[in-house]
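Below are a few notes to read with the model open beside you.

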Amino acid sequence: MAAVDSFQLLYREISRSCSPYFETLALVGALYTASRAVILLRNCCTLVRVHFLPRMIPTRKKLSQRFGDWAVVYGASEPVAKAYAEELSRHGISIIFVTQDHTSVRDTAASLSQSYGVETVVVLADFSLDQSASKTIKEAMMGKDIGFLVNCVESLSSPRSLIEMPEQGLLDVVNKNVAVATLMARLVLPGMLERTRGAVINISSGACCKPLPGRVTLTASTGYLDHLSRALHLEYSGKGIFVQSLTPFQIAASEHQPSSSSTASSSPGWFVPKPDVYARHAISTLGVCNRTTGYWPHTLQYGLMKCIPEWIWVLGSRVLFSSS
């Protein structure tokens, strides 16, 4: 009985002496919980403001009045870029396609002209010939109210490590996704600055969020395009130019084109939208948010990915990659 009384007495003494520490820990826990709740509420408000309000309460001004009558689209061989160009055409925007392969966009250009009554121009530009490609693009833009530039990264057909890629193929991918995308911004920005309006949309990939096995060049080039967009927006947003970085995750392949994109899937679904569905959602965020996935289920995916520690992501990627 004495032992029990001694234990209870000891427990009361320890509790009394540690009471201030318990109260401090409880206060810290409450502050942390409150901060996480505020962050969650802020993220929910941002989700509604960026993805839902613009579609529920669209602006009265037409895109052509806000930015311009013409759009320059580079990388239209990708299904998502074609869908974005079609969505611009649906809003009455004429399109200049800049491509190295005439056959990849010729039918698209003819279809847009016939369906929406807009003008379309296809510019063949070989960017391996120094500044001659720039001259051709400048001539095509001359006298036109260029309000949009759409850059879209070229994805890889299949996962390959860096050493498996041929040297020339590696140089071509880096040139198209990094150098040419930057050059296109350099070509259209002077005219936009002169008119104090315009929009630059860089469509990269959610691969820029976390590293992926077999996607070294894609992860690096999309990361570059994302940071380029943020830097350009910081520099030119005060001069009437809106620069947006779109980082979509998986997008279904179009019906008439097999999936060649690393972010493309053959079966559409809620988290894997069709290119036209994604384009409609993405274009509604134009002028609202300068850095977004463009599609609200993808924004949920992005939020979940941010919660995963880097070491867990790397470990899981290695396990999945080795099993496949």
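**Notes on the fold, point by point**

1. Let's begin with one serine and its surroundings. Leaving aside its neighbours within four places in sequence, S204 touches V153, T222, L225, L246, T247 and P248. Please keep in mind throughout that this is a predicted model. S204 lies in the loop between β5 (198–203) and α7. Is S204 buried or exposed? With a relative accessible area of 5%, S204 is buried, since the cut-off for buried is under 20%.

2. Next, a pair of helices. Helix α6 covers residues 167–195 and helix α7 covers residues 216–236. Their axes lie 10 Å apart, and the packing angle is about 15 degrees. That makes α6 roughly parallel to α7, because angles under 35 degrees fall in that class. The crossing of these two helices, α6 and α7, is right-handed.

3. Which residues make the contact between α6 and α7? From α6 come L170, V173, N177, V178, A181, T182, A185, L189 and L193. From α7 come T217, S221, Y224, L225, L228, L232 and Y236. Sorted by class, this contact of α6 with α7 has 12 nonpolar residues, 4 polar ones and no charged ones.

4. The crossing of α5 and α6 is right-handed. On the α5 side, the contact is made by S134, I137, K138 and M141; on the α6 side, by L183, M184, L187 and V188. The residues of this contact of α5 with α6 divide into 6 nonpolar, 1 polar and 1 charged.

5. Now to helix α8, residues 275–284. How many of its 10 residues are buried? The count is 7, and α8 is described as mostly covered. The buried residues of α8 are P275, Y278, A279, H281, A282, I283 and S284.

6. One partner of α8 is helix α3, residues 79–90. The axes of α3 and α8 come within 8 Å and cross at roughly 55 degrees, which makes α3 oblique to α8. The crossing of α3 and α8 is right-handed. In α3, the residues involved are P79, V80, A83, Y84, E87, L88 and R90. They meet P275, D276, Y278, A279, R280, A282 and I283 in α8. By class, the contact of α3 with α8 has 10 nonpolar residues, no polar ones and 4 charged ones.

7. Finally, the cysteines. How many disulfides does the structure hold? The number is 0. C44 is partly exposed, at 40% relative accessibility, whereas C289 is buried, at 14%.

Terms used:
Residues are numbered from 1 along each chain as its sequence is written. This is a predicted model: local features need pLDDT of at least 70, side-chain atom pairs count only at pLDDT 80 or more; totals for chains, interfaces and linings use all residues. Side-chain values use heavy atoms; hydrogens and water are left out. A disulfide is a pair of cysteine sulfur atoms within 2.5 Å. Buried means under 20% relative accessible area, exposed over 50%, partly exposed in between (1.4 Å probe, protein chains only). Axes are lines fitted to C-alpha atoms, for helices over the stretch in contact, and angles run from 0 to 180 degrees between N-to-C directions. Helices (H or I, at least four residues) and strands (E, at least two) are DSSP runs, numbered from the N terminus. Angles under 35 degrees count as roughly parallel, over 145 as roughly antiparallel, 65 to 115 as roughly perpendicular and the rest as oblique. A crossing is left-handed if the near helix is turned anticlockwise from the far one by less than a right angle, and right-handed if clockwise. Contact means heavy atoms within 4.5 Å. Ala, Val, Leu, Ile, Met, Phe, Trp, Tyr, Cys and Pro count as nonpolar, Asp, Glu, Lys and Arg as charged, and the others, Gly among them, as polar.
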